Amino acid sequence: MKKEFIFLGPPASGKGTQTARLAEYLGFVHIDTGSLLRAEIDKKSQDGILAKSFIDKGLLVPVDLVANIIKNRLRQDDCKNGYILDGFPRSIEQAQKLEIINKEIDNDTDTKFLAIYFDIDHELLLDRIIYRRSCSSCGEIFNLKFNPPKSENICSKCGGKLIQRKDDNRETAEARFETYFKETAPLTDYYKNKNVLVTLDANGDIETVWKRLLNIIEED
Ligand code: AMP
């Protein structure tokens, strides 16, 4: 049976870290719209140039642009047995687009769809974003306050240079939270009503949350 997972939760709730782990564990692809959009920005493509103007303000990029990127990605062979989506959908409109895309791609394939909601206290999230740094070479994530690298600005894993995402400044981060509460948070009720929502307690360290996530996956 093809398994389709989507991860919901506020910015910096740990979705990216846990998705990457789960993808490796299950042998599924991890599709992260934020990274796909940042790759378009780096390429300076038309989509990237348009997306940048929204990302820099902490707003959602236009739905058709993201939905197209997702559709092209989900059509690829490596999504045949399943996928994990992180950062999409981010609004009810995007959720409805995803249903259309899945219907078109899956045809009569037997599928199981699950939305996993990262339920987390909000107080620390802003600090998680503002102090977040990532390695420009291996992608490892650090936090200058909660999980600092051994040497300043240098990745403790591979020695690469640490960088800060442009939208990880205080002003844009605050706007991203506002966007989340307005546009994305209503998705939990949307999926609850469809009986496909599971809530994950996302408070705690990476290992604790990972164990809880595995319990959910294995129970399912
Ligand atoms: P993230 O890396 O998930 O924090 O996403 C960074 C930024 O990319 C967001 O603040 C949005 O501006 C944009 N973005 C990512 N995913 C989506 C999406 N599904 N729809 C619209 N914009 C998105």
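**Ground rules.** For helix pairs I use axes that are lines fitted to C-alpha atoms over the stretch in contact, with angles from 0 to 180 degrees between N-to-C directions. Helices (H or I, at least four residues) and strands (E, at least two) are DSSP runs, numbered from the N terminus. The model is predicted, so I take local features only at pLDDT of at least 70 and side-chain atom pairs only at pLDDT 80 or more, while totals for chains, interfaces and linings use all residues. Residues are numbered from 1 along each chain as its sequence is written, and side-chain values use heavy atoms, with hydrogens and water left out.

**Helix 8 and its neighbours.** I began with helix 5 (residues 92-106) and helix 8 (residues 186-193), whose axes come within 9 Å and cross at roughly 40°. Contact here means heavy atoms within 4.5 Å. I found Ile 92, Ala 95, Gln 96 and Glu 99 of helix 5 meeting Pro 186, Leu 187, Tyr 190 and Tyr 191 of helix 8. By class, I list six nonpolar, one polar and one charged residues in this contact. My classes put Ala, Val, Leu, Ile, Met, Phe, Trp, Tyr, Cys and Pro as nonpolar, Asp, Glu, Lys and Arg as charged, and the others, Gly among them, as polar.

Next I checked helix 7 (residues 170-184), which packs on helix 8 at about 30° with the axes 6 Å apart. The two are therefore roughly parallel to each other. Phe 181, Lys 182, Glu 183 and Thr 184 in helix 7 meet Pro 186, Leu 187 and Thr 188 in helix 8.

For polar contacts I looked for pairs of N or O atoms within 3.5 Å. A backbone N or O atom of Leu 59 lies 2.6 Å from a ligand oxygen, and a polar backbone atom of Gly 87 is 2.8 Å from a ligand nitrogen.

The peptide bond from Phe 88 to Pro 89 is cis, with omega near 0°. Pro 89 sits in the loop between strand 3 (82-86) and helix 5. I also noted Ala 12, a residue other than glycine with a positive phi, near 70°.

Conventions
A polar contact is a pair of N or O atoms within 3.5 Å; within protein, one must be able to donate a hydrogen and the other to accept it, and residues adjacent in sequence count only if both atoms are side-chain atoms. Angles under 35 degrees count as roughly parallel, over 145 as roughly antiparallel, 65 to 115 as roughly perpendicular and the rest as oblique.
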